[in-house]
Amino acid sequence: MEQNNFEKKIQQKLGELKIPPSDAVWEHIEKHINGRKDRKKIILLFLVFISLASGGYYILNSIANDTKSKNQLETAIVETGSKQTKKEDSSFNKTTISPGNDSEKDSASGVNSTTHKTQFQKIEHNKIERRTTNTFTTIKDRNLAVDSKNGNNKETGTVDDNKNLPANKQTLPDGRQANSQKNELDINSSAKGQEKNTSIVVAGIENIPGKNEASHNEMVIQNEKMADGISADSSRDLSQKTRVSSKKSKRNQQNQKWKIGVTFSGGTSMIGGGGKSATPNLSSFANMDFISVASPANNYSLSSFSNYFTPSSMKNSMAFIAGIFIEKNISRKNKLDLGISYKYYSLTNTTGNKIDFNIAPSLSTENLYSSWSNSNTYRNNFHYIEIPVSLKFQLGHSESLPIYWSVGMNVSQLIASNSLQFKSSPGLYYNDNSFYNKTQFGLHTGFSALLFAKAKVPVDIGPYFIYNTSRMADDGLYGGKHFSFIGIKAGILLGKK
Amino acid sequence: MQRNGKMDCQCNAMHQIDFSQIVKDCLKRKPEAQRMLYQHFAPTMLGVCFRYTKSMNDAEEVLQIGFIKVFERLHQFKEEGELAGWIRKIMVNAALNYLKTNQRYRYDLSFEEMPLHLVSTENPEMNLRAKELAELIRQLPTGFQTIFNLYAVEGYKHKEIAAILGISEGTSRSQYARARMILTEWIEKFSFKEQNDRYGTK
């Protein structure tokens, strides 16, 4: 009974015990609760951003694919129509290809005696080789087919270069006339005594003065691999020249343009270098009299601390870089990138509770944390604005999935940080950005694969590494240390034509 | 570190507060309600945390951890029970976890099997204040302190304590007996000293 009385007395006595906590406790709790809200908001915003980006990308790609498939469908329809027309009209069974102004001669020689269908396919093939677009083929085919169906004596497929080819190329009404600006490819077809002349103007091919006819002939001959007495070597040379000059003109146009894109890199920021160890010495904790010194109930001052502490170790943490860039082809396989980005690096370490500002007026900061316990994980944030310059070199020859190696340098400026410095006696963490070298120079490298290279909005993605050659700070907790970043970089090139 | 002196007054003014409404508002994440709940229970709960730890700093850390859990798990609270009891239970669990995970306490929290002591039937006079009694309990070795708190103050059975701390029931009993004996001595000495001091000053 008496034993129970003892416990009851104890319970009664201790039931009266009420100790008002310090304001810092509620601040921490509030911060944690609000932090959770903020995290939720950030996650939500990130999901919205991802959804919008994915949606936008899908829409852009689907529009591009629709256009392609539409063109292919049209081509297929036209080809089918053309076949039917051919069946109806036996005049297409014997078609010849001639230089255009002398169809009779060619027909007589029988050099280009082949079916119309074959010609279509081969001309098409030739066009594809020259990297003309589907639209080009479609228009050509459609014109040919329609004219064939109508039974016209002459059908002319005109290439409209508004989209694909230089604008100064024009189609002359009479394709057989010697044209100083264009190469002509005439298809003469004769059926039942009627002469069918098809003239296709291939714009964008460099003119060879006085040799239009010959070059035209040679092109056709080479494409069809016909040996009609003309030197195969010379025809190949000319054809190659024509092709190369066409490619050059297109590339020159592309090279002159800067393309804009957005980039995002996610990964881990790391800290390295420096001779100072960031590993805490646990024995120093043992020397600390927690009851007499660390108790906030006591009105202690900095002078009351005699022990020296070491800071807790810094842990690598998340980092990301987001920005825009412009890109230019500096040669066939090399590119130059310039950009401006926001860079976020973070490191975490463990600290004790937040301490009232008043106890350490010498440290003019409100971010003051004890190191007497490791109860809190503190995130040291670093916000930079960065200007990266990169050179990208294509590895291999793949056009469907080009692989690039990029290398370059970057300049970044520290714009804000809440990172903590450390004072070994009395073992306090505090915020002081004056330690940092605000301007940082760095080197970066990475590999990337260009996904959807032929789509309207290709995505460049691959591993990425940055090393800041500048020291973060000359002194303090980060004295002599260098930041680095490793992660995945993704770039989306906008407005590719 | 400054104390919030106004807090007690605010707490007194809140005695008639409808806690079910506060809980509902807290669940809606209303900052005023969260603050009100904290202000009402924090002093009592810090008293609980104070008994389990060795320093005020640690007690505040436990309080902080505990209240974060309270706000995180408030949706689990059923209004059938008393809110204070529910929060207190969370605080005790937070304190025990803190002792188990914190390096400084973990080594002290060793429960060696001790020869069984008979529980003292002494019932000393307690001429001391609540905080003084709590300070005496805190002077006990961590193992004794924890078991004493759980048995004598929280009212857990030895079987329950054994399950909570992962020890045998016998260990819990023997440790409690030892703790009670030491504390009784200290209380007697302290009460006697206090009495003398008081008479001396008069």
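## Helices 4 and 5 of chain B

In helix 4 of chain B, the residues B:Asp58, B:Glu61, B:Val62, B:Leu63, B:Ile65, B:Gly66, B:Phe67, B:Lys69 and B:Val70 make contact with helix 5 of chain B. Their partners in helix 5 are B:Trp86, B:Ile87, B:Ile90, B:Met91, B:Ala94, B:Ala95, B:Asn97 and B:Tyr98. By type, the residues of this contact split into 12 nonpolar, two polar and three charged. The model is a predicted one.

Helix 4 covers residues 56-72 of chain B, and helix 5 covers residues 83-101. Their axes come within 9 Å and cross at roughly 125 degrees. The crossing of helix 4 with helix 5 in chain B is right-handed.

## Helices 8 and 9 of chain B

Helix 8 (residues 142-153) and helix 9 (residues 158-165) of chain B also cross. The angle is roughly 135 degrees, and the axes come within 10 Å. Helix 8 of chain B is therefore oblique to helix 9 of chain B. This crossing, of helix 8 and helix 9 of chain B, is right-handed.

On the helix 8 side of chain B, the contact involves B:Thr146, B:Ile147, B:Leu150 and B:Tyr151. On the helix 9 side, B:His158, B:Ile161 and B:Leu165 take part. Five residues of this contact are nonpolar, two are polar and none is charged.

## Aromatic pairs and a cluster

Over all chains, the structure holds 23 aromatic pairs. One of them joins A:Phe6 and B:Phe148. The pair is edge-to-face, with 6.3 Å centre to centre and 70 degrees between the planes. The pair crosses between chains: A:Phe6 sits in helix 1 (residues 2-15) of chain A, and B:Phe148 sits in helix 8 of chain B.

A:Phe6 has 0% relative accessibility, so A:Phe6 counts as buried. B:Phe148 has a relative accessible area of 0%, so B:Phe148 is buried.

Chain A also holds an aromatic cluster. Its members are A:Tyr345, A:Phe382, A:Tyr384, A:Tyr436, A:Tyr464, A:Tyr478, A:Phe483 and A:Phe485.

## A:Asn437 in its loop

A:Asn437 lies in the loop between strand 12 (428-431) and strand 13 (439-451) of chain A. Its relative accessibility is 23%, so A:Asn437 counts as partly exposed; the cut-off for buried is under 20%.

Leaving out residues up to four places away in sequence, A:Asn437 touches A:Arg471, A:Met472, A:Ala473 and A:Asp474. A:Gly479 is 42 residues from A:Asn437 in sequence. In space, the C-alpha atoms of A:Asn437 and A:Gly479 are 9.8 Å apart.

## The two chains

Chain A contains nine helices and 15 strands. Of its 497 residues, 43% are buried. Take the contacts in chain A between residues at least 6 apart in sequence: 70% of them join residues at least 24 apart.

Chain B has 10 helices and zero strands. Along the sequence, chain B reads α-α-α-α-α-α-α-α-α-α. Buried residues account for 52% of the 202 residues of chain B. Among contacts in chain B with a separation of 6 or more, 73% are between residues 24 or more positions apart.

Definitions and conventions
Residues are numbered from 1 along each chain as its sequence is written. Chains are lettered from A and ligands numbered from 1 in the order in which they are written. This is a predicted model: local features need pLDDT of at least 70, side-chain atom pairs count only at pLDDT 80 or more; totals for chains, interfaces and linings use all residues. Side-chain values use heavy atoms; hydrogens and water are left out. Axes are lines fitted to C-alpha atoms, for helices over the stretch in contact, and angles run from 0 to 180 degrees between N-to-C directions. Helices (H or I, at least four residues) and strands (E, at least two) are DSSP runs, numbered from the N terminus. Angles under 35 degrees count as roughly parallel, over 145 as roughly antiparallel, 65 to 115 as roughly perpendicular and the rest as oblique. A crossing is left-handed if the near helix is turned anticlockwise from the far one by less than a right angle, and right-handed if clockwise. Contact means heavy atoms within 4.5 Å. Ala, Val, Leu, Ile, Met, Phe, Trp, Tyr, Cys and Pro count as nonpolar, Asp, Glu, Lys and Arg as charged, and the others, Gly among them, as polar. Rings of Phe, Tyr and Trp (its six-membered ring) pair if their centres lie within 6.5 Å; planes under 30 degrees apart count as stacked, over 60 as edge-to-face and the rest as tilted. Buried means under 20% relative accessible area, exposed over 50%, partly exposed in between (1.4 Å probe, protein chains only).
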